[in-house]
Amino acid sequence: MKPEKKYPAEVYLNGKWLKPDEAFISVFDRAFMFGDGIYEVTLFYKGKGFRLKEHLKRLQYSLDQIQIAFDAFSLENLMLEAIDRADLNNADAAVYIQVSRGAGPRSHFIPEKIKTTILLYAFPVALEGFENKTWEVMATEDKRWHRCDIKSTALLANVMANEEAIAAGFHENLLVRKGYFTEGSHSSLFFVKYGVVHTHPEGPEILSGITRAEVIKICTDLNIKVIEKAVHIDELVEVEEVFVTGTTTQIIPISSITHKDKTVYTTRKDSLTKKLQQVFIKRTRA
Ligand code: PDD
């Protein structure tokens with residue numbers, strides 16, 4: 001069930017394009033020692049960037065929140081160059097960006113003078129046919145920190161939650177905080193209840209997903225009501241549809257949710273999710 005991943009042919013590191021086995025950072029880089037860095041994953045549909053400005057704005061927000069002084073928008077041309085250099089103008093691809101605070105002698109005190117480490121590369125993604133997938137998922141306690149709005153490279157809690165799901169034969173792990181669903185380990189989460197779309201409000205408990213915002217916009221355009229309010233696990237009896245969204249996930253319906261070894265939800269409908277998928281495909285591929 002684990003997707004096969006390959007290294008890219010080259011990466012941009014601090015001003016140079018290098019082969020992965022030539023690209024090195026200091027062992028004192030704070031992203032290595034503290035997870036002190038921010039990242040983004042942005043999508044290019046056949047060479048055309050999707051909501052690039054929104055991604056760069058979110059990157060800037062995260063950098064500002066942890067006080068890394070760096071202009072996220074200065075990376076725009078490099079992202080296009082990455083797609084070009086990897087010859088991905090006619091494919092679906094993504095660009096990974098990582099801005100680390102940089103290297104300094106290990107200390108909880110952030111050095112006054114420090115140079116950011118910039119890593120960026122393009123890689124192909126298999127998106128086609130996402131609309132034919134369904135995911136069986138599990139739900140567990142959200143063990144992440146209280147600033148999930150910051151797209152930090154410190155993803156251990158997300159990785160552990162995902163790994164737990166994969167090891168048990170599921171596709172994703174939906175995270176629950178005090179009985180309320182927040183989001184998936186690597187996706188945003190939506191519920192349909194009495195024809196109304198529900199999703200956790202923005203704030204420190206979730207990542208402000210770019211695909212999430214697009215789905216909310218599509219709902220608004222289609223006159224589908226959206227309530228940005230967390231859904232409690234006990235409300236699942238009233239839920240008709242569940243779906244997750246994300247840059248590399250797109251929009252995927254959830255067929256079942258298992259919580260503490262019990263099936264707590266199975267699909268009742270899929271019509272609204274299907275409609276959103278169709279409009280999303282039209283807009284992203286237009
Ligand atoms: N993950 N929530 C979490 C915790 C995520 O990691 C992601 C995406 C999302 C969806 O956000 P967006 O629609 O902006 O991709 C929500 C990326 C793709 C990753 O970490 O690789």
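The residues lining the second largest pocket divide into four nonpolar, three polar and eight charged. Here Ala, Val, Leu, Ile, Met, Phe, Trp, Tyr, Cys and Pro count as nonpolar, Asp, Glu, Lys and Arg as charged, and the others, Gly among them, as polar. The model is predicted: local features need pLDDT of at least 70, side-chain atom pairs count only at pLDDT 80 or more, and totals for chains, interfaces and linings use all residues. Residues are numbered from 1 along each chain as its sequence is written, and side-chain values use heavy atoms, without hydrogens and water.

The second largest pocket has a volume of about 380 Å³. Of its 15 lining residues, the closest to its centre are Glu-54, Glu-202, Ser-208, Ile-210 and Ala-213. The elements giving two or more residues to this lining are α2 (52-65) and α5. Helices (H or I, at least four residues) and strands (E, at least two) are DSSP runs, numbered from the N terminus.

Helix α5 (residues 210-221) also meets helix α6 (residues 271-285): their axes come within 10 Å and cross at roughly 110°. Axes are lines fitted to C-alpha atoms, for helices over the stretch in contact, and angles run from 0 to 180 degrees between N-to-C directions.

On a 1 Å grid over the protein atoms alone, a cavity is a set of points where a 1.4 Å probe fits but cannot get out, and a pocket is an open set with protein on both sides within 12 Å along at least five of seven lines; lining residues have an atom within 4 Å of a point.

What is the phi of Gln-250? Gln-250 has a positive phi of about 65° although it is not a glycine. Most residues other than glycine have a negative phi. Gln-250 lies in strand β14 (residues 250-259) and is buried at 2% relative accessibility (under 20% relative accessible area; exposed is over 50%, partly exposed in between, with a 1.4 Å probe and protein chains only). Asn-14 has a positive phi too, of about 45°, but is partly exposed at 39%.

Conventions. Points joined across faces, edges and corners; volume = space filled by probe spheres on them.
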